[in-house]
Amino acid sequence: MDSVELQEIFSTNLKNARNRANLSQMKLAEKANLSVGYICDLESGRRWGTPETFSKLASALDISPFELLLPLSENSSEAVLELSRQRKMFAKLSDSLKKNISSAVSKAISDTLR
């Protein structure tokens with residue numbers, strides 16, 4: 001795979017992820033703190049993002065940065081969606097575990113101080 005193919009994959013994945021997130025280019029630009037023109041250039045393949053850009057876009061789209069570079073076939077788009085769903089589920093689970101651990105630690109401290 002050469003850099004042209006990789007940039008095409010990135011451009012396509014960016015546009016698809018934006019559409020899945022139900023965001024206009026303007027909304028994505030706002031969320032990622034980038035210009036609308038830059039988003040348009042990225043999606044059209046006229047420009048190529050930096051690692052910082054990938055991070056901003058992924059955060060705004062609520063995906064992992066690597067998802068912007070995954071080669072997609074007709075059958076793999078479902079796999080990417082499933083990966084996103086699982087990642088979100090683990091993030092929620094992680095938040096829940098943090099709350100439970102914090103609560104247990106607070107209770108243990110309170111019990112110890114009595």
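## Burial and exposure

A residue is called buried when its relative accessible area is under 20%, exposed when that area is over 50%, and partly exposed in between. Asp41 has a relative accessibility of 19% and therefore counts as buried. The structure described here is a predicted model, and the same terms are applied to several of its residues below.

## Salt bridges

Side chains of opposite charge can pair when their charged atoms come close. A search of the whole structure finds four salt bridges; three of these are described in this section.

Asp41 takes part in one of them: its side chain meets that of Arg46, with an N to O distance of 3.0 Å. In contrast to the buried Asp41, Arg46 has a relative accessibility of 57% and so counts as exposed.

Another salt bridge joins the side chains of Glu43 and Arg18, at 2.5 Å from N to O.

Glu52 counts as exposed because its relative accessibility is 53%, whereas Lys56, at 28%, counts as partly exposed.

## The crossing of helices H2 and H3

Helix H2 covers residues 25-32 and helix H3 covers residues 36-44. Their axes come within 8 Å of each other and cross at roughly 110°. Angles of 65 to 115 degrees count as roughly perpendicular, and H2 and H3 are therefore described as roughly perpendicular to each other. The crossing in which H2 passes H3 is right-handed.

## A nonpolar surface patch

Which residues make the nonpolar surface patch of about 810 Å²? The patch is made by Met89, Phe90, Leu93, Leu97, Ile101, Val105, Ile109 and Leu113.

One of these residues, Ile101, has its place in helix H5, which covers residues 76-113. The relative accessibility of Ile101 is 54%, so this residue counts as exposed.

Key: Residues are numbered from 1 along each chain as its sequence is written. This is a predicted model: local features need pLDDT of at least 70, side-chain atom pairs count only at pLDDT 80 or more; totals for chains, interfaces and linings use all residues. Side-chain values use heavy atoms; hydrogens and water are left out. Patches are made of residues with over 30% relative accessible area and no salt bridge: like charges are joined within 9 Å, nonpolar side chains (Val, Leu, Ile, Met, Phe, Trp, Tyr) within 5 Å. Accessible areas come from the Shrake-Rupley method with a 1.4 Å probe; for residues, only the protein chains shown count as cover. Helices (H or I, at least four residues) and strands (E, at least two) are DSSP runs, numbered from the N terminus. Buried means under 20% relative accessible area, exposed over 50%, partly exposed in between (1.4 Å probe, protein chains only). Axes are lines fitted to C-alpha atoms, for helices over the stretch in contact, and angles run from 0 to 180 degrees between N-to-C directions. Angles under 35 degrees count as roughly parallel, over 145 as roughly antiparallel, 65 to 115 as roughly perpendicular and the rest as oblique. A crossing is left-handed if the near helix is turned anticlockwise from the far one by less than a right angle, and right-handed if clockwise.
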